[in-house]
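Visitor: I am new to reading protein models. Could you walk me through one, feature by feature?

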Amino acid sequence: MTTVRMPHFRKLGYCARGVRQGFQRYKLDYSDFLKNGLDADELLAVTNEDAMVEKVVEVARGEQ
């Protein structure tokens, strides 16, 4: 299981505001994400494999 965390978004230059807006769009709990991260497969499923999310998941999986 790969956990996506905020530093993975940051490595790609994504700002916190944009990430938060994306979480709102997909009705994801941003506060819980900041504390615990989010499973990569769940994030991909909820966002319908959004291209930006795919890049973040790739970064997270590359760190395992």
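Visitor: Let us begin with the largest pocket. How much space lies in it?
Guide: This is a predicted model. In the model, the largest pocket holds about 230 Å³ of space.

Visitor: How many nonpolar, polar and charged residues does the lining have?
Guide: Sort the residues by class. The lining of the largest pocket has 11 nonpolar residues, three polar ones and two charged ones.

Visitor: Next, the largest nonpolar core. Which residues have the most contacts inside it?
Guide: Val4, Phe9, Val19, Phe23, Phe33 and Leu43 do, in a core of 17 residues. Now look at the elements. Two or more core residues come from each of α1 (6–11), α2, α3 (30–36), α4 (40–46) and α5. With four residues, α5 gives the most to this core.

Visitor: Take Phe33. What is it in contact with, leaving aside neighbours within four places in sequence?
Guide: Contacts of this kind link parts of the chain that are set apart in sequence. Phe33 is in contact with Val4, Arg5, Met6, Phe9, Val19, Phe23 and Leu38.

Visitor: Now the whole protein. How many helices and strands does it have?
Guide: It has five helices and two strands. Read them in order along the sequence, and the pattern is β-α-α-α-β-α-α.

Visitor: How does its radius of gyration fit a compact globule?
Guide: For 64 residues, a compact globule would come near 11 Å. The protein has 10 Å, so the two agree. The C-alpha trace spans about 25 × 25 × 20 Å along its principal axes. Of the 64 residues, 36% are buried.

Visitor: What share of contacts join residues at least 24 apart?
Guide: Count contacts between residues at least 6 apart in sequence. Of these, 61% join residues at least 24 apart.

Visitor: Is Thr2 buried or exposed?
Guide: Use the cut-off: buried means under 20% relative accessible area. Thr2 has 9% relative accessibility, so Thr2 counts as buried. Thr2 sits in the segment before β1 (3–4). Beyond its neighbours within four places in sequence, Thr2 is in contact with Leu38, Asp39, Ala40, Ala60, Arg61 and Gln64.

Visitor: And Lys27, is it buried or exposed?
Guide: Here the other cut-off applies: exposed means over 50%. Lys27 has 74% relative accessibility, so Lys27 counts as exposed. Its place is in the loop between α2 and α3. Check the backbone too. Lys27 has a positive phi of about 55°, although it is not a glycine.

Visitor: Which loop holds Glu49?
Guide: Glu49 is in the loop between α4 and α5. Glu49 is not a glycine, yet has a positive phi of about 55°. Asn48 lies in the loop between α4 and α5 as well. Asn48 is exposed, because its relative accessible area is 69%.

How values were computed. Residues are numbered from 1 along each chain as its sequence is written. This is a predicted model: local features need pLDDT of at least 70, side-chain atom pairs count only at pLDDT 80 or more; totals for chains, interfaces and linings use all residues. Side-chain values use heavy atoms; hydrogens and water are left out. On a 1 Å grid over the protein atoms alone, a cavity is a set of points where a 1.4 Å probe fits but cannot get out, and a pocket is an open set with protein on both sides within 12 Å along at least five of seven lines; lining residues have an atom within 4 Å of a point. Grid points are joined across faces, edges and corners, and a volume is the space filled by probe spheres set on the points. Ala, Val, Leu, Ile, Met, Phe, Trp, Tyr, Cys and Pro count as nonpolar, Asp, Glu, Lys and Arg as charged, and the others, Gly among them, as polar. A nonpolar core is a set of buried Ala, Val, Leu, Ile, Met, Phe, Trp, Tyr and Cys residues joined through side-chain atoms within 4.5 Å. Buried means under 20% relative accessible area, exposed over 50%, partly exposed in between (1.4 Å probe, protein chains only). Contact means heavy atoms within 4.5 Å. The radius of gyration is taken over C-alpha atoms; the globule rule is 2.2 Å times the number of residues to the power 0.38.
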